[in-house]
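Subject: Structure for your files

Hello,

Here is the structure you asked for. My notes on it follow below.

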Amino acid sequence: MLDDLDRALIHALHIDGRAPFSQIADALDVSPQTVARRYRRLRTEASLRVVGLSDPHQAGQTQWIVRLTAAASSAQDLAHALVRRQDTSWVKLTSGGTEIVAIIHTPTDAAAHNSLLLRDIPRTNNITAVSAHCLLHTYLGGPTNWRRSANTLAEHQQAVLREHEAADTSYVPVPRQLAEGDADLLVALQKDGRATHAELAQATGWSPVTVARRLADLQAGGAIFFDVEVDTGHFGANTRALLWMSVSPAHLEHVATTLAGHDELAFVAATTGPTNLVAQALCRDPADLHHYLARRLGSLDAIHTLETSPVLQNLKAASPIITDLSRTRRSATPPRSRG
């Protein structure tokens with residue numbers, strides 16, 4: 001379990017994932033060396049990572065939640081093959097280990113390029129069922145954090161972190177959207193959202209000043225944001241489940257916004273398909289999950305059906321790029337097509 005300082009550091013990174021350790025130390029009233037040590041330990045022991053991600057709409061991306069049912073003997077290999085792809089995120093093993101759930105990122109205006117959805121998955125051996133649900137609108141998730149991972153700091157501490165220490169105080173950010181020339185910058189941020197301006201300059205071929213200003217412009221325009229990946233089990237959330245709900249269209253907005261206010265949920269989105277609302281619940285134990293389903297969800301009459309899929313293992317989090325390959329099974333082989 002995390003102590004108070006760990007939780008405070010994670011909350012600080014939720015507020016500003018690129019805040020210098022000195023600024024975080026001021027907010028937490030500890031030394032920068034203490035912040036740096038805790039950050040390194042959390043990276044090792046709690047899978048902590050700050051990643052820079054793009055707003056999918058501004059990046060011309062469509063997100064699909066794909067559910068694959070596979071033979072028990074091949075599910076692990078298939079899941080790890082999906083983990084290694086750079087067009088996937090949030091890869092999970094659910095429902096007894098024979099179902100794989102993943103988010104696939106595809107170009108919105110180029111259906112022919114959606115090779116994973118249109119060609120690779122349908123031709124893969126040992127997959128017995130496939131369903132794909134297009135994410136239409138995200139009510140909770142992305143830039144909006146799970147409340148229980150960001151509820152430690154007092155208001156005055158949060159204010160310290162929101163005082164950005166820009167290297168060039170005379171520069172006023174100009175809100176901008178992502179362009180093709182930002183590809184190298186985005187890949188570098190997906191690997192490490194806390195990479196220095198010098199490291200990002202090396203990755204992009206730009207000067208550090210250009211990098212700093214481009215980052216400021218993209219953040220001002222909402223084109224990119226910084227997420228904090230962390231093992232939620234360290235917050236006491238040992239029972240995780242995906243909730244697939246069918247809600248009448250007239251009540252979808254009300255139900256979704258209500259669910260987005262629940263502390264037990266880390267993700268809520270409207271989708272296509274026979275179930276039009278999906279959420280991820282993070283609870284202490286099965287009894288806590290049952291209490292949530294029976295008491296809180298049960299009070300919403302507009303939810304007509306509910307399917308609960310226990311999450312057995314999170315294999316990949318928010319970033320499409322895995323930097324620690326030791327977290328994947330090196331023995332796993334790519335899916336074999338029938339062709």
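**What was found**

Ser 246 counts as buried, because its relative accessibility is 18% and the cut-off for buried is under 20%. Please keep in mind that this is a predicted model. Ser 246 lies in strand 7, which runs over residues 239-247. Apart from its neighbours within four places in sequence, Ser 246 is in contact with Pro 274, Thr 275, Asn 276, Ala 302, Ile 303, His 304 and Thr 305.

**The chain as a whole**

The chain has 11 helices and 10 strands. Its radius of gyration is 20 Å, close to the 20 Å that the globule rule gives for 339 residues, so the chain is as compact as a globular protein of that length. The C-alpha trace spans about 55 × 50 × 45 Å along its principal axes. Of the 339 residues, 50% count as buried. The chain exposes about 16200 Å², and carbon and sulfur atoms supply 51% of that area. Among contacts with a separation of 6 or more, 79% are between residues 24 or more positions apart.

**Strand 9**

Ala 281 is in strand 9 (residues 277-283). With a relative accessibility of 1%, Ala 281 also counts as buried. Which residues is Ala 281 in contact with, leaving aside its neighbours within four places in sequence? They are Thr 239, Arg 240, Ala 241, Leu 243, Glu 264, Leu 265 and Leu 289. For Arg 240, the C-alpha atom is separated from that of Ala 281 by 5.6 Å, although the two residues are 41 residues apart along the chain.

The axes of helix 2 (residues 21-28) and helix 3 (residues 32-45) come within 8 Å and cross at roughly 105°.

Helix 4 (residues 75-83) is largely enclosed by the rest of the structure, because seven of its nine residues are buried. The buried residues are Ala 75, Leu 78, Ala 79, His 80, Ala 81, Leu 82 and Val 83.

Asp 29 sits in the loop between helix 2 and helix 3. Asp 29 is not a glycine, yet it has a positive phi of about 60°. At 69% relative accessibility, Asp 29 counts as exposed.

Ser 95 is likewise not a glycine and has a positive phi, in this case of about 50°. Its place is in the loop between strand 3 (88-94) and strand 4 (99-107). Ser 95 counts as partly exposed, with 30% relative accessibility.

Asp 3 is in the segment before helix 1 (4-15). With a relative accessible area of 32%, Asp 3 is partly exposed. How far apart in space are Asp 3 and Phe 235, C-alpha to C-alpha? The distance is 9.5 Å, while in sequence the two are 232 residues apart.

Regards

Methods. Residues numbered from 1 in each chain as written. Predicted model: local features only at pLDDT ≥ 70, side-chain atom pairs only at ≥ 80, totals over all residues. Heavy atoms only, no water. Axes fitted to C-alpha atoms, helices over the stretch in contact; angles between N-to-C directions. Helix = DSSP H or I, 4+ residues; strand = E, 2+ residues; numbered from the N terminus. Buried < 20%, exposed > 50% of the residue type's maximum accessible area, 1.4 Å probe, protein only. Contact = heavy atoms within 4.5 Å. Rg over C-alpha atoms; globule rule 2.2 N^0.38 Å. Areas by Shrake-Rupley, 256 points an atom, 1.4 Å probe, with all protein chains shown as cover.
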